[in-house]
Structure formats: C-alpha cells, structure tokens
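Me: I would like to go through the terms used for this model one at a time. Please set each value against its cut-off.

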Amino acid sequence: MSTLNTVQPITALTPELEAVLKEDTDRRLKNLIVANINTHYARSSSQFSNFRLAIRDKDVQNDESILSDFRRLVLPTDYESYRPFVEKFNSRPCRASEVENILAPGFPTHIPLSSATSGKKSKQFAKYFRSQPYLPGPSLHVGVTSLMNSFAYRDPVDVVTDSGEVVKRIPVCNESTGVMRAQNNWSIETDETRMASILPGHVAPWATGFIIHHRSFLLVHALFTLANTSVEGITLTFVVTFMDMMFRIEEEWSTLLSSIRNGTIPDFEQIDHVRAYLELNMRADPQRADELQRIGPPLSSPGWAQRVWPSLKLLRCVCSGTFATALPQARSVLGPNIVIHNPWYACTECLIGRNLNYGDTDTFVVAADDLIEFLDMSGEQTHGHVLQAWDLQSGKFYQPVSTTHDGLWRYLIDDVVQVIGFDPRNGLPVFRYSRRKNLEIRLPHALITETDLLSVVYAFSGETLLKSRSSQRSLMIASYP
C-alpha cells in the first residue's frame with residue numbers, strides 16, 4: 001500500500017538528539033516571544049506582569065536569558081485570560097485601533113469557533129497569517145480527490161478605521177475552513193469567481209462547500225463523488241462524517257442514481273442558492289447509473305467502496321480519540337486495501353501533532369510549528385510541573401501546553417496524551433491520545449474516564465455497530481456550520 005519508511009520510536013533520547021531538540025525548541029520559543037511580546041495582550045495582561053518586569057531592560061532579539069525567564073515566570077493560561085481581548089472582535093463597529101496587533105501582529109485571517117467539546121459553550125479564537133502553513137505528515141500521493149470541506153462562513157467581521165473605512169473583512173468559520181482558505185489565498189471577496197469551478201483534481205464544484213444544511217452537504221458531495229469513476233482519494237474532516245455520508249447515500253440511493261442517470265440535481269433542502277452552479281457541472285451518465293445499480297448501496301456488502309471506485313486508495317480524515325469509534329464501520333465499507341490516513345492531531349487552538357507513520361491512525365509526533373510543552377499529570381498540576389520535551393518519560397501521561405504564533409501563551413489544552421517514545425530523526429516526543437481531561441464521571445468511590453466509556457463502545461464488533469444504524473447515528477458529529 002505504501003513505500004514510505006516506517007519510523008520506530010526510541011524509548012530515550014541520546015545526548016546528541018537531546019542537544020538538537022533543545023536547540024530547535026529554544027529557537028522556536030525565542031521566535032514566538034519576539035513576534036508577540038509587543039501585542040496588546042502581552043503588554044497588558046496581568047499574566048505577564050512578572051515576565052515583562054524581568055525582560056524590561058533586555059534585548060529580546062539577542063538575550064537568551066529571556067527563555068529561562070519565560071519558563072520561570074509565565075504561568076499556564078486558560079481561555080478566560082483571552083476572552084476580553086477576543087471579544088473586541090464582536091464590537092460593532094469593530095475598530096482597527098482596538099483589534100490590530102491585539103494577540104499577534106496585524107489582523108487575523110479568520111476567527112474560528114471551538115466545538116462544544118472544549119467546554120460548556122463555544123470559544124472564539126483569532127488566527128493569523130503563517131508564512132509556513134500547516135503541512136500534513138507522511139502521506140500517499142493520490143490523483144482525483146473528493147474534497148468534502150465547508151467554505152461557508154458567518155457574517156464576516158468588518159474592521160473599520162475611525163472614519164468608517166473597512167480595512168479588513170475577517171470570516172467567522174470552522175478552523176478547517178479558515179486554514180484551507182488562508183493556505184490557498186481564497187479570500188471571501190473572490191468567492192463568486194470560483195462558484196461554478198471544479199478545482200483541478202477534485203470532483204465537486206466550489207459551490208458545494210457553501211451548502212450549510214448538513215444532510216444536503218453530504219448528499220450533494222456524494223452525488224458528484226458517485227458519478228466519478230476515477231476517484232483515488234476522499235478527504236473530509238472526521239471519519240464519522242464519512243460514515244454519516246454512507247448512511248445518507250443508503251437512504252437516498254434511488255434518488256442519487258436517478259440524478260446520475262438523468263444529469264439532474266435533486267430537490268435537497270437548502271441548496272437553491274447554489275443550484276445553478278451545481279447544474280452547470282452535472283452530466284447525464286446512464287451507464288454509470290446502471291453500474292451503481294448492479295453494485296447496490298453502501299451497506300449492502302463489505303468492501304463496497306472498492307467496487308464503486310476501483311482506483312480508490314485513500315480515505316484521509318481525523319479518526320483518533322472519540323472519532324475512532326467509527327473506524328470499524330468505515331473499514332467494513334472500504335474493504336481491506338484502502339488506507340485510512342489520520343493526518344494530524346489538532347484542536348481549534350493549535351496543531352499538536354502529525355501522524356508518525358502513514359496508515360497508523362493512533363500514533364503522533366509532536367508538531368514543531370509552534371511550541372508544545374507538557375504538564376505532568378502524575379503529581380500536583382502546578383506551574384513547576386510544566387516540562388520541556390526532553391524532560392518527558394515514555395509511558396507517562398501529560399497535558400499539552402501550547403504557545404502559538406496566534407498569540408496563545410502556555411495555553412492549557414484539555415487533553416491527556418501518553419508519551420510512548422521519541423522520534424529518532426529529531427528527538428520530538430511521540431505520543432498517543434489518551435482522553436479528554438474534562439470528560440469524566442465522578443462517583444463516590446470511582447472515577448470513570450472517557451477512556452473507560454470508549455472501551456465499552458470498542459467491545460462491540462464493527463459488524464454489530466454497522467448493522468445498528470440508529471446506534472451509529474448517535475455517534476455522528478456534524479462539523480459544519
């Protein structure tokens with residue numbers, strides 16, 4: 001399936017690797033401090049009073065002691081420290097003088113909302129331009145791809161001068177939407193020029209990404225994907241979304257085949273605003289409809305996808321942690337030869353890790369885009385227990401602590417990971433997801449964690465869960481606005 005070399009983690013760092021890791025970590029931390037130390041947040045937040053005092057007379061560009069000052073004096077932060085600053089983007093009018101350089105230099109490229117799993121309600125963040133965009137880990141090159149990504153956004157934030165001139169329009173959207181837009185320079189002002197286009201190597205028109213009704217979003221993507229016999233890859237956000245699409249195809253199988261046969265767009269809900277663009281790209285294909293009719297719908301037999309798309313090699317999606325519950329069902333639909341690739345381990349706040357080996361959906365190496373430190377979970381969870389990458393021990397559990405290009409400083413991520421070793425190429429920690437820190441059931445004499453609950457789900461066979469459609473739907477998580 002893959003010719004990529006397999007990386008085997010080492011259990012302890014060699015002196016040479018530790019030196020390389022320290023040098024690289026210090027360089028990244030220094031760059032982050034230099035970039036963001038003069039933002040509104042860093043200059044005014046009470047979290048930084050001691051740190052600001054310590055570096056007041058230092059040359060932050062050249063004085064290496066600012067790194068130890070940071071590690072000694074900057075306490076871990078949570079969202080409440082940033083809320084008053086981020087909420088300035090909700091002011092109307094949103095004045096440039098209030099939000100420029102507020103968390104990082106300039107204006108954000110987009111404002112994502114965290115999912116409800118991060119707490120009781122969604123949190124807003126500000127994301128800024130990166131000269132070096134996020135890149136996935138090792139992967140297999142594929143040709144024609146069904147890219148199921150939302151390009152939709154809520155009413156953008158118009159940043160204005162004191163005279164009322166709009167100087168920046170910032171979309172409020174999913175993080176995956178914002179990242180894709182930023183990396184490809186797809187501004188909201190130029191969306192109309194792409195609506196009827198199918199991006200090179202893809203199967204559905206751009207306009208499909210503006211369907212905000214989740215069921216219709218899945219079905220229209222499914223329609224164009226089923227109509228194309230040359231699909232080699234399917235890319236979407238979560239593996240549960242893939243299975244949700246399979247169930248929708250099962251429900252609307254006759255409708256989808258009729259549309260492929262006649263070259264028409266069905267009357268799915270809330271697609272009228274993009275119907276004209278979809279119709280421009282839909283062609284009648286009776287032969288393909290007959291072929292699909294002979295194969296049958298997705299849940300009719302195992303390995304369905306390989307018969308529908310003979311060239312399909314890859315399903316790329318997030319499928320670790322809680323999302324792994326859908327993996328047995330996805331494998332049944334795909335068959336044994338199609339690789340399921342988990343490109344990274346991330347949250348709205350930051351990228352935490354990339355997959356270590358192609359096709360391994362559970363094992364990640366810490367990302368080196370920003371800075372990830374670690375809070376030791378075995379003792380008192382205090383400032384003094386924030387450890388550096390070279391201080392970690394294989395087998396122990398840690399909470400990630402993130403300092404980012406986007407202006408987060410030692411931000412606590414509510415996940416727990418288990419370090420299983422180090423990357424022999426650069427010394428970066430290798431880890432597996434363990435659980436959400438805030439998803440626990442406390443009883444008088446017991447603590448039931450997310451891991452315990454998931455083990456019950458995993459006890460069911462993939463075949464049992466696949467047949468239980470109502471049970472599967474209860475696991476589906478919609479990631480679109």
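Me: What makes helix α8 mostly covered?

Reply: Twelve of the 14 residues of α8 are buried, where buried means under 20% relative accessible area, exposed over 50% and partly exposed in between (1.4 Å probe, protein chains only). Among the buried residues are His214, Phe217, Leu218, Leu219, Ala222 and Leu226. This is a predicted model, in which local features need pLDDT of at least 70 and side-chain atom pairs pLDDT 80 or more, while totals for chains, interfaces and linings use all residues. Residues are numbered from 1 along each chain as its sequence is written, and side-chain values use heavy atoms, leaving out hydrogens and water.

Me: How do you know that the span of α8 agrees with its number of residues?

Reply: Helix α8 covers residues 214–227; helices (H or I, at least four residues) and strands (E, at least two) are DSSP runs numbered from the N terminus. The expected span is 1.5 Å times one less than the number of residues. For α8 that gives 20 Å, and the end C-alpha atoms are 20 Å apart, so the two agree.

Me: Which elements do the buried residues of α8 pack against?

Reply: They pack against β3, α9, α10, α11, α12 and α13, with contact meaning heavy atoms within 4.5 Å. Towards α9 (239–251), residues including Arg215, Leu218 and Ala222 of α8 meet a set that includes Asp244, Met245 and Arg248.

Me: Why are α8 and α9 called roughly perpendicular?

Reply: Their axes come within 9 Å and cross at roughly 80°. Axes are lines fitted to C-alpha atoms, for helices over the stretch in contact, with angles from 0 to 180 degrees between N-to-C directions. Under 35 degrees counts as roughly parallel, over 145 as roughly antiparallel, 65 to 115 as roughly perpendicular and the rest as oblique, and α8 and α9 are therefore roughly perpendicular.

Me: Why is the pair of Tyr41 and Phe85 called edge-to-face?

Reply: The centres are 5.1 Å apart and the planes are at 80°. Phe85 lies in α5, so this pair ties together parts 44 residues apart in sequence. Both residues are buried, and both belong to one aromatic cluster that also includes Phe48, Trp409 and Tyr411.

Me: How do you know that a charge sits over the ring of Trp206?

Reply: The charged end of Arg194 is 4.5 Å from the centre of that ring. The term asks for NZ of Lys or CZ of Arg within 6 Å of the ring centre and within 35 degrees of the ring normal. Arg435 sits likewise over Phe397, at 5.9 Å.

Me: Is Asn185 buried or exposed, and what is noted about its phi?

Reply: Asn185 has a relative accessible area of 67% and is therefore exposed. Its phi is positive, about 55°, although it is not a glycine. Gln270 also has a positive phi of about 55°, but at 47% relative accessibility Gln270 counts as partly exposed.

Technical notes:
Rings of Phe, Tyr and Trp (its six-membered ring) pair if their centres lie within 6.5 Å; planes under 30 degrees apart count as stacked, over 60 as edge-to-face and the rest as tilted.
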